Amino acid sequence: MALAQPEPGGLLPERTSTPVPPDRPLRGALATTACMETLQVGYLHAVAAAAGCSLSQPFPDNGIDWHVSHGSPAHTVDDEITIKVQLKCTYQIAPRPPGSAFSFTLDNDHLVKLARTPVSVHKILVVMLVPRSRDDWLRADHDRLDLRHCCYWINLAGHPVTGRHRTNVRVPTARIFDDRALCEIMTRVGAGGRP
């Protein structure tokens with residue numbers, strides 16, 4: 001995970017005398033990109049918990065954000081298998097993208113790491129689409145917590161680099177990243193297959 005860079009002139013924005021409307025909460029001054037990273041980590045934790053998976057974060061981060069492990073006596077390659085997960089988050093793509101896939105741009109160095117094949121531990125890219133405004137990121141009620149909008153996943157193994165510095169990849173809209181999808185990924189990998 002990348003850390004957000006400080007704003008010019010210091011870590012906090014200059015204070016303004018603009019009052020916060022009474023119908024909106026006073027949010028902290030943390031950079032939006034840092035908040036987006038925190039939100040997607042919360043999404044990953046919720047999915048992993050529901051799927052019965054454990055999480056570990058490599059330190060130092062070498063271009064992969066998380067390791068997700070799934071134990072089951074039904075796995076044939078080992079009793080516990082692991083995949084590597086790279087998280088990305090954007091508000092530049094609208095929710096419910098039309099069509100069978102949406103375009104997401106990766107730096108070529110990052111794509112090369114995610115596209116490497118063969119591998120001993122499979123990797124997936126998880127892209128979260130969020131509303132532009134933090135006011136719209138989540139809603140809580142007595143019977144649920146809605147986290148908006150959605151995460152999608154893709155295995156980029158073997159994907160070619162096509163751009164000079166960055167490459168567009170197509171992320172399938174049918175591959176919603178939730179607990180069932182994670183269990184299915186782990187079942188395939190646990191049987192010796194690909195995510």
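Author: Let's start with a term: on a 1 Å grid over the protein atoms alone, a cavity is a set of points where a 1.4 Å probe fits but cannot get out, and its lining residues have an atom within 4 Å of a point. Grid points are joined across faces, edges and corners, and a volume is the space filled by probe spheres set on the points. This is a predicted model, where local features need pLDDT of at least 70, side-chain atom pairs count only at pLDDT 80 or more, and totals for chains, interfaces and linings use all residues. Residues are numbered from 1 along each chain as its sequence is written, and side-chain values use heavy atoms, with hydrogens and water left out.

Reader: How many cavities of 30 Å³ or more does a search of the whole structure find?

Author: The search finds one. The volume of the largest cavity is about 40 Å³, and Leu114, Arg116, Val119, His122, Lys123, Asn155 and Ala157 line it.

Reader: Which strands stand at the edges of the open sheet, and why?

Author: The order is β1-β2-β3-β5-β8, with mixed pairing. β1 (54-56) and β8 (150-154) each have a single partner strand, so one side of each lacks a neighbour in the sheet. The average twist from one strand to the next is 30°.

Reader: What packs on this sheet, and at what angle to β3?

Author: Helix α3 (residues 179-190) does, touching β2 (66-71), β3 (80-90), β5 and β8. Touching means contact, with heavy atoms within 4.5 Å. The direction of α3 makes about 140° with that of β3; axes are lines fitted to C-alpha atoms, for helices over the stretch in contact, and angles run from 0 to 180 degrees between N-to-C directions.

Reader: What makes a nonpolar core, and which residues have the most contacts inside the largest one?

Author: A nonpolar core is a set of buried Ala, Val, Leu, Ile, Met, Phe, Trp, Tyr and Cys residues joined through side-chain atoms within 4.5 Å. The largest has 47 residues, and Ile83, Phe177 and Leu182 have the most contacts inside it. Its largest share, nine residues, comes from helix α1 (residues 32-51).

Reader: Why is arginine 96 called exposed?

Author: Relative accessible area decides: buried is under 20%, exposed over 50%, and partly exposed in between (1.4 Å probe, protein chains only). Arginine 96 has 78%, so it is exposed. Arginine 96 belongs to the loop between β3 and β4 (101-107).

Reader: What is its phi, and which residues does a cis peptide bond with omega of about -5° join?

Author: Most residues other than glycine have a negative phi, and most peptide bonds are trans. Arginine 96 is not a glycine, yet its phi is positive, about 50°. The cis bond joins threonine 117 and proline 118, and proline 118 lies in the loop between α2 (108-115) and β5.

Methods. Two strands pair if DSSP finds at least two bridges between them. Helices (H or I, at least four residues) and strands (E, at least two) are DSSP runs, numbered from the N terminus. On a 1 Å grid over the protein atoms alone, a cavity is a set of points where a 1.4 Å probe fits but cannot get out, and a pocket is an open set with protein on both sides within 12 Å along at least five of seven lines; lining residues have an atom within 4 Å of a point.
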